[in-house]
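These notebook entries record what I looked up in the structure.

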Amino acid sequence: MDEEEKLANFSAITGADPEHARQYLGVCDGDLDSALNLYLENGGASLDGGPAPSAPSMPETTVVDDDDDAAFAERLQQEENQRQPESVRERIAPRTETLVEDYGYSHYMPPSIPSRSSMPRSVFNQGPEGLPRSMHLTETQSRLGQLFRPPFDIISNYDIDTAKIKGRDQKKWLLVNVQDVSDFQCQVLNRDFWSNEAVKETVRANFIFMQYSKDNLDGQSFLSYYPIRKFPYIAILDPRTGEEMKSWSEVPAPEDWVMSVHEFLERFSLDPKSRNPLGKMTKHKPIDHMSESEQLNFALKQSLGQDADDSEEASDLSSVSAADSIYEDDSIEELSPSSRDKGKKKIEVIDLDDDVPKPESEETAEDIFAAIQPVERSEPVADLTTTTRVQIRLGDGSRKIRRFNLADPVRYLFEYVKADIPETRGRHFQIISTDRKKLIEFLDQTIEEVGLKNAVVLVEIEED
């Protein structure tokens, strides 16, 4: 490093002029570090006894003792207050937010999220309002849109939590269909299955029906509770517990599905007052709640080895017996003297109602059943407006399905069972509907009048 460069560095560091820099470097034999130390120790004084050079470029510094920290901080605060006018920050306004709605997501779903799927609208991803006019569909595309349109006429626009509440209030099962709009089988389900009138009628009468896409919020919420591996997915849920009662993972045949659902509805019910077809319940009044006469009748039936049915029935029998004895006593007093002498009671003179004619003989149920002959008839062609399918269940668990005309009499059902079911040949049986009606009493009424459309009946073979 030459002398000129050392002078420049000394002046740049200390702020001294070149003359003083040359003096200190000369005293220190050109050693820059020694010259800087000497300059700082002398406080920048001139070595020839002159005044110390001024350093205008260096900012004024204030040396503060550690003991004066509090005073120094107070002085700085006062200077800051003098520079800025005194002001108070405005308080933060209170704000209340609801993080989670009571039920579901539909109440706060952003309008930008479609109700069915996040995919663009198309023939296979329609909304309730239909396809937008801006799509400029051709005639063929419009026909396809109608063909694959979802069943919005039976869909309930509820999330799963709201649907459970509605189901409990209306005592209806939940029917959920989750679809993947990119899976063509889901479109086939809309085209061939949900468009079937028998399916729609069954859904309207017994279910609250929701159809979700796996891409929207309702569908994703449902999938978080019910993992689904295959689409389309159809399931019956219990609105009380959310339990999956029955499910399908492919497109079912409409008639088979309706039959299967009716069989399910006959086995299970949400109405506590209803009785399942095989669950005949007999309620017994506790003995300590019975009157004295009811307790006597109960004890009498127990001693005779009979089942103790409702005490009201026993009371009715007692009252009828008492009434009969009164009528007999009255009739004895009305007999002629000659009859009294002969000691005969002419019961025929007791006429409780002169206007009601008494039949000479009544045809028993056994006679009516014996008069029905086995007849083999051809099964009618399927027609949703004029025909229906009836499922016939036997005691061993097997079943047969047969199509009948709605206008056919119930007698045709007995004729079919006698002719085509070997287990019933030569044996007496009863055909009982789901509401425990004995169909032998409705032989001349039509299948539609008795309510056997898409019904299940039970054949009970009586023991010999």
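Entry 1: I looked up the burial of Lys200 and found a relative accessible area of 12%, so Lys200 counts as buried (under 20% relative accessible area; exposed is over 50%, partly exposed in between, with a 1.4 Å probe and protein chains only). The model is predicted, so local features need pLDDT of at least 70 and side-chain atom pairs count only at pLDDT 80 or more, while totals for chains, interfaces and linings use all residues. Residues are numbered from 1 along each chain as its sequence is written, and side-chain values use heavy atoms, with hydrogens and water left out.

I then looked for a partner of Lys200 and noted a salt bridge to Asp153, with the closest N and O atoms 3.0 Å apart (a side-chain nitrogen of Lys or Arg within 4 Å of a carboxyl oxygen of Asp or Glu). This pair links distant parts of the chain, 47 residues apart: Lys200 sits in helix α8 (residues 197-206), Asp153 in the loop between α5 (139-147) and α6 (160-170). Helices (H or I, at least four residues) and strands (E, at least two) are DSSP runs, numbered from the N terminus. Asp153 is partly exposed, at 46% relative accessibility.

**Entry 2: Asp180.** I located Asp180 in the loop between β1 (173-179) and α7 (184-193).

With neighbours within four places in sequence left aside, Asp180 is in contact with Cys186, Lys214 and Phe231 (heavy atoms within 4.5 Å). Lys214 itself forms a salt bridge with Asp215, at 3.4 Å between the closest N and O atoms. Both count as partly exposed, Lys214 with a relative accessible area of 26% and Asp215 at 22%.

**Entry 3: Glu379 and Arg403.** I recorded a salt bridge between these side chains, 3.5 Å from N to O. Glu379 lies in the loop between α14 (365-371) and β5 (387-393) and Arg403 in strand β6 (residues 399-405), so the pair ties together parts 24 residues apart in sequence. Glu379 is partly exposed at 41% relative accessibility, whereas Arg403 is buried at 14%. Salt bridges with shared partners join Glu255, Asp256, Glu379, Arg389 and Arg403 into one network.

**Entry 4: helix α1.** I checked the buried residues of α1 and listed Leu7, Phe10, Ser11 and Thr14. Seen down the axis of α1, the buried residues fall within an arc of 95°, so they line one face of the helix; the arc is that of the directions from the helix axis to the C-beta atoms. The face turned away carries the exposed residues Ala12 and Ile13. The cover over the buried residues of α1 includes α2 (18-27) and α3 (32-41). Gly15 follows α1 and has a positive phi, near 80°.

**Entry 5: whole chain.** I counted 16 helices and eight strands. Of the 464 residues, 33% count as buried. My search of the whole structure found 13 salt bridges.
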